[in-house]
Amino acid sequence: MSVKHPFWHPSEAKAFILDWDGVIADTKLDFTEIRNNYFGGDNVLLLEEANKLPGDEKAKLLSDIEKLEIAGAENATLIDGAINLIDWLEANDKKWCIVSRNCEKAIEIAAKKLNITLPKHLFHRDNSAYNKPDQRAFIEAAKQMEVSINDCVSVGDFIYDIMCARKSGARSILVQRDMPEWDEWTDSSYLTLCDFVEELKEPKKLIPWEYKEIYAKRGERWFNAVEKAIFMLPDSTSPTLDCWLNRAAAFGIKSIYVDKNIIFTATDWKNNSSFPISSMGRPMYEVVEEFLKARFPKINVISELKEGEEPLKASKNSLDLMRFIERKIF
């Protein structure tokens with residue numbers, strides 16, 4: 001099954017980033033007592049807060065966390081569907097890795113107990129500079145697997161997995177949790193991992209996170225209308241370039257043409273607070289592509305036109321884009 005713009009399906013991803021606890025192994029970790037002992041019961045990021053503590057106290061906290069993880073690993077059980085997921089990944093030649101906040105020893109103990117062969121790329125807090133929900137954890141994992149982060153799907157059971165995926169540009173799948181309050185973060189959710197595996201075997205069209213709002217308002221007919229159109233980036237945009245690009249992309253526009261000879265100037269940077277200072281002096285199409293891809297990974301930024309292609313000269317005012325689309329192509 002080939003899923004066309006704007007739809008997506010995880011089965012088309014090139015690589016999968018899996019959580020360990022809750023996706024492969026069930027270790028029933030409960031950090032409540034540790035949070036009570038060290039942080040007065042506050043729901044803090046334990047590893048990050050540990051780095052703020054004095055040396056001896058930090059070492060004791062990390063030791064207590066590791067003891068809890070190892071105890072959980074020694075009593076780990078297999079998540080239903082975990083073997084089926086791994087088998088599907090292998091059978092379909094998908095690259096995959098594990099990214100976990102756990103210590104290496106706990107993962108190895110649980111893997112041995114459950115007879116799981118760990119993947120080539122295994123990231124845990126003992127060998128990683130970054131931990132979820134820091135998006136760099138996923139960006140580095142994608143780099144090691146030699147794929148674009150936009151071609152990755154995260155499968156996790158916790159908000160940290162979803163946040164890390166959302167901030168990095170990966171797709172996000174939530175499993176083993178019924179948490180409607182997390183829906184605004186994730187692309188799709190499944191009550192069980194088994195449900196997700198069945199979805200991989202029998203794909204259906206899914207609406208990406210970034211298009212759910214416009215799809216709810218306009219439906220599939222709208223996207224069919226904008227599917228083949230190429231929109232030319234105006235010479236000037238109102239109120240700002242970053243606003244224009246975000247609005248155009250949010251409307252489901254698939255392709256934006258930016259002349260390869262246009263340079264992102266110092267004035268462009270001054271007038272658009274969303275772009276990094278390193279954007280100055282670079283080709284505009286590269287800057288635009290990097291800016292959009294994190295939020296709209298399905299969008300296509302074109303710097304050269306093929307024979308016969310004629311881009312639409314879109315309105316320079318972002319507030320007129322909806323009306324322009326309705327008038328010109330819908």
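The following questions and answers go through a predicted model, from the whole chain down to single residues.

Colleague: How many helices and strands does the protein chain have?
Modeller: Helices (H or I, at least four residues) and strands (E, at least two) are DSSP runs, numbered from the N terminus. The C-alpha trace of the chain spans about 65 × 45 × 35 Å along its principal axes. Within the chain there are 14 helices and 12 strands.

Colleague: What percentage of the 330 residues counts as buried?
Modeller: Buried means under 20% relative accessible area, exposed over 50%, and partly exposed in between (1.4 Å probe, protein chains only). By that rule, the buried part of the 330 residues is 49%.

Colleague: Among contacts between residues at least 6 apart in sequence, what percentage joins residues at least 24 apart?
Modeller: Contact means heavy atoms within 4.5 Å. Of the contacts in the protein chain between residues at least 6 apart, the share that joins residues at least 24 apart is 66%.

Colleague: Are α3 and α5 roughly parallel or roughly antiparallel?
Modeller: Axes are lines fitted to C-alpha atoms, for helices over the stretch in contact, and angles run from 0 to 180 degrees between N-to-C directions. Angles under 35 degrees count as roughly parallel, over 145 as roughly antiparallel, 65 to 115 as roughly perpendicular and the rest as oblique. The axes of α3 (residues 55-74) and α5 (residues 104-114) come within 8 Å and cross at roughly 5 degrees. The two helices are therefore roughly parallel.

Colleague: Which residues make the contact of α3 with α5?
Modeller: Ala, Val, Leu, Ile, Met, Phe, Trp, Tyr, Cys and Pro count as nonpolar, Asp, Glu, Lys and Arg as charged, and the others, Gly among them, as polar. The contact divides into five nonpolar, no polar and five charged residues. From α3 come E66, E69, I70, A73 and E74, and from α5 come K105, A106, I109, A110 and K113.

Colleague: How is α1 oriented to α3?
Modeller: The axes of α1 and α3 come within 11 Å and cross at roughly 170 degrees. In α1, I34, Y38 and F39 meet E57, K60, L61, D64, I65 and L68 of α3, a set of six nonpolar, no polar and three charged residues. With that crossing angle, α1 is roughly antiparallel to α3.

Colleague: Which elements do the buried residues of α7 pack against?
Modeller: Helix α7 (residues 159-168) is mostly covered, with eight of its 10 residues buried. These are I159, Y160, D161, I162, C164, A165, R166 and S168. They pack against α1 (32-39), α6 (136-145), β6 (152-156) and β7 (171-175).

Colleague: Is S154 buried or exposed?
Modeller: S154 lies in strand β6. Leaving out residues up to four places away in sequence, S154 touches I17, F138, D161, A165, R171, S172 and I173. Its relative accessible area is 1%, so S154 is buried.

Colleague: Where in the chain do K217 and E213 lie?
Modeller: A salt bridge is a side-chain nitrogen of Lys or Arg within 4 Å of a carboxyl oxygen of Asp or Glu, and the count is 23 salt bridges. K217 and E213 form one of them at 3.4 Å, N to O, and both residues are exposed. They sit four residues apart, about one turn, in helix α9 (residues 212-218).

Colleague: Which residue has a cis peptide bond to P239?
Modeller: Most peptide bonds are trans. P239 is in the loop between β9 (230-232) and α11 (241-250). The cis bond to P239, with omega about 0 degrees, comes from S238.

Colleague: What phi does E146 have?
Modeller: E146 lies in the loop between α6 and β6. At a relative accessible area of 68%, E146 is exposed. Although E146 is not a glycine, its phi is positive, about 60 degrees.

Methods:
Residues are numbered from 1 along each chain as its sequence is written. This is a predicted model: local features need pLDDT of at least 70, side-chain atom pairs count only at pLDDT 80 or more; totals for chains, interfaces and linings use all residues. Side-chain values use heavy atoms; hydrogens and water are left out.
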